[in-house]
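The points go from the whole chain to single residues.

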Amino acid sequence: MVITDWPKEQRPRERMAQHGPAALSDAELLAIFLRVGIPGKNAVELASETIQRFGSLDGVLGAVERDLPLGKGLGPATCTQLRAVLEMSRRAIHTQMRQRELLNSTRAVGDYLKLMLAHREQECFVALFLDVRNKLIGTEELFKGTLTQSAVYPREVIKAALRHNAASVILAHNHPSGDPEPSDHDLRLTAALDEALDEALQMMDIRLLDHFVVAGTRLYSFADHGKM
């Protein structure tokens with residue numbers, strides 16, 4: 001049955017207008033974006049089938065980021081539009097981050113980092129730079145590849161912090177494996193790296209606030225776990 005034949009109170013657009021977007025399922029939200037289905041499937045059925053294929057809505061967006069084909073009816077134009085939506089979300093959150101105090105906002109920082117790093121296939125090391133009011137003033141990707149102590153040079157973080165005139169720094173890297181829990185190697189490596197950075201940054205009167213591990217939609221904070 002085509003969606004226009006559904007009772008009005010069951011149609012995704014009408015439900016969103018009445019109850020807001022939070023009331024809709026992932027499939028309904030994606031269906032509103034797709035607007036139309038394909039022969040034999042309405043937009044909700046096509047959206048639901050696509051989400052099932054990739055395991056979740058996040059999986060669909062991850063596939064888009066990696067340029068994977070989404071399936072019949074979801075060609076390059078749809079993927080381009082979804083990438084545009086992702087980038088708009090990143091920019092909107094980046095703007096919000098610049099306007100709020102982040103020292104006690106682990107969730108806000110985590111949401112921003114997940115948008116940045118969740119779907120990267122390579123391990124990336126990034127730094128967030130905050131001003132004296134703990135508002136975001138800049139973000140830089142400083143390293144890409146397997147994280148090692150020798151690969152991530154403290155001086156590069158310090159140079160970037162000075163370039164941004166930062167009062168504090170938040171570090172993050174991703175786990176493409178999807179598991180945010182640090183291994184023993186991760187713990188030793190990150191502890192040594194953070195210790196070296198913390199000591200060097202303190203000499204510049206810059207604070208190291210936290211180090212996050214991002215794995216898909218999951219997040220690990222070293223500060224929250226008492227590891228720094």
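1. Of the 228 residues of the protein, 45% count as buried, where buried means under 20% relative accessible area, exposed over 50% and partly exposed in between, with a 1.4 Å probe and protein chains only. The model is a predicted one: local features need pLDDT of at least 70, side-chain atom pairs count only at pLDDT 80 or more, and totals for chains, interfaces and linings use all residues. Residues are numbered from 1 along each chain as its sequence is written, and side-chain values use heavy atoms, with hydrogens and water left out.

2. The protein has eight helices and five strands. These are DSSP runs numbered from the N terminus, helices being H or I with at least four residues and strands E with at least two. From the N terminus on, the order is α-α-α-α-α-α-β-β-α-β-α-β-β. The C-alpha trace spans about 70 × 35 × 30 Å along its principal axes.

3. Helix H4 covers residues 57-65, and its buried residues are Gly 59, Val 60, Gly 62, Ala 63 and Val 64. After H4 comes Asp 67, whose phi is positive, near 60°.

4. Helix H3 (residues 43-54) packs against H4 at an angle of about 80°, with the axes 7 Å apart. H3 is therefore roughly perpendicular to H4, a term for angles of 65 to 115 degrees. Thr 50, Ile 51 and Phe 54 of H3 make the contact with Leu 57, Gly 59, Val 60 and Ala 63 of H4; contact means heavy atoms within 4.5 Å.

5. His 211 is found in strand E4 (residues 207-215). It counts as buried because its relative accessibility is 0%. Its side chain joins that of His 173 in a polar contact of 3.0 Å, that is, a pair of N or O atoms within 3.5 Å, where within protein one must be able to donate a hydrogen and the other to accept it, and residues adjacent in sequence count only if both atoms are side-chain atoms. Tyr 220 and Phe 222 are both buried. They form an aromatic pair that is edge-to-face, 5.1 Å centre to centre with 80° between the planes. Rings of Phe, Tyr and Trp (its six-membered ring) pair if their centres lie within 6.5 Å; planes under 30 degrees apart count as stacked, over 60 as edge-to-face and the rest as tilted.

Key:
Axes fitted to C-alpha atoms, helices over the stretch in contact; angles between N-to-C directions. Parallel < 35°, antiparallel > 145°, perpendicular 65-115°, else oblique.
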